[in-house]
Amino acid sequence: MTMSLQLTKTTLTYGFIYALVSLIWISLEFALGIQTSYPELHTVVSILFLVPAMYILSRGMKSHRQILHDNQSSYGYFMAFMSGFNIMIIATLLSPAVNLVFHNFVNPEFFESMIQQAVSTMAMTEDMAREFFSMKSYIQQSLVSGITLGAIMSAILAIFLRDRS
């Protein structure tokens, strides 16, 4: 297999793993009652996803580095950043599917529960909450945050995973 094909396969694999783990994570949030019994904890628990997210991304970037080293190529900052960012592009492109599966099959009451929580705590008006807690909004948020966080995480990890020569 050519180096380019190996890198592409690795990018797709880790992008898919990231998307799958994010689906498992939000499903666990639901199973543990975070989204139903303790919706006020949802934001904090969601932020904790950065731990497995960084781990998966670093594993993918390390796999890219190994492929390049096996082919006597260097893994400088830009290459490290791009390998992580490409993985996150794949994960981000899969995020609408993750949202659709979760919100249609795992927890179809998610949006209504979050709307009720936001209105009852007076954090938002009902109209604002309905606009924010909707499939369209969550897909848009996942696309924007996926690219943004993907760039930030890739930039940080590239500092540590690049070749130092």
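This is a predicted model: local features need pLDDT of at least 70, side-chain atom pairs count only at pLDDT 80 or more; totals for chains, interfaces and linings use all residues.
User: How far apart are the end C-alpha atoms of helix H3, and what span should its 21 residues have?

Analyst: H3 runs over residues 50-70, and at 1.5 Å a residue it should span 30 Å.

User: Are H1 and H3 roughly parallel or antiparallel to each other?

Analyst: Their axes come within 10 Å and cross at roughly 170 degrees. Angles over 145 degrees count as roughly antiparallel. That's why H1 and H3 are roughly antiparallel.

User: How many nonpolar, polar and charged residues does the contact of H1 with H3 have?

Analyst: On the H1 side, the contact includes Tyr 14, Ile 17, Tyr 18 and Trp 25, while H3 brings in Ile 56, Arg 59, His 64 and Leu 68, among others. Sorted by class, the contact comes to 12 nonpolar, 6 polar and 1 charged.

User: Which elements give two or more residues to the largest nonpolar core?

Analyst: That core has 21 residues, and Tyr 18, Leu 57, Met 61, Tyr 75 and Met 153 touch the most other members. Leaving out residues up to four places away in sequence, Met 153 touches Tyr 18, Leu 50, Ala 53, Met 54, Leu 57 and Met 88. The elements giving two or more residues to the core are H1, H3, H4 and H7.

How values were computed: Residues are numbered from 1 along each chain as its sequence is written. Side-chain values use heavy atoms; hydrogens and water are left out. Helices (H or I, at least four residues) and strands (E, at least two) are DSSP runs, numbered from the N terminus. The expected span of a helix is 1.5 Å times one less than its number of residues. Axes are lines fitted to C-alpha atoms, for helices over the stretch in contact, and angles run from 0 to 180 degrees between N-to-C directions. Angles under 35 degrees count as roughly parallel, over 145 as roughly antiparallel, 65 to 115 as roughly perpendicular and the rest as oblique. Contact means heavy atoms within 4.5 Å. Ala, Val, Leu, Ile, Met, Phe, Trp, Tyr, Cys and Pro count as nonpolar, Asp, Glu, Lys and Arg as charged, and the others, Gly among them, as polar. A nonpolar core is a set of buried Ala, Val, Leu, Ile, Met, Phe, Trp, Tyr and Cys residues joined through side-chain atoms within 4.5 Å. Buried means under 20% relative accessible area, exposed over 50%, partly exposed in between (1.4 Å probe, protein chains only).
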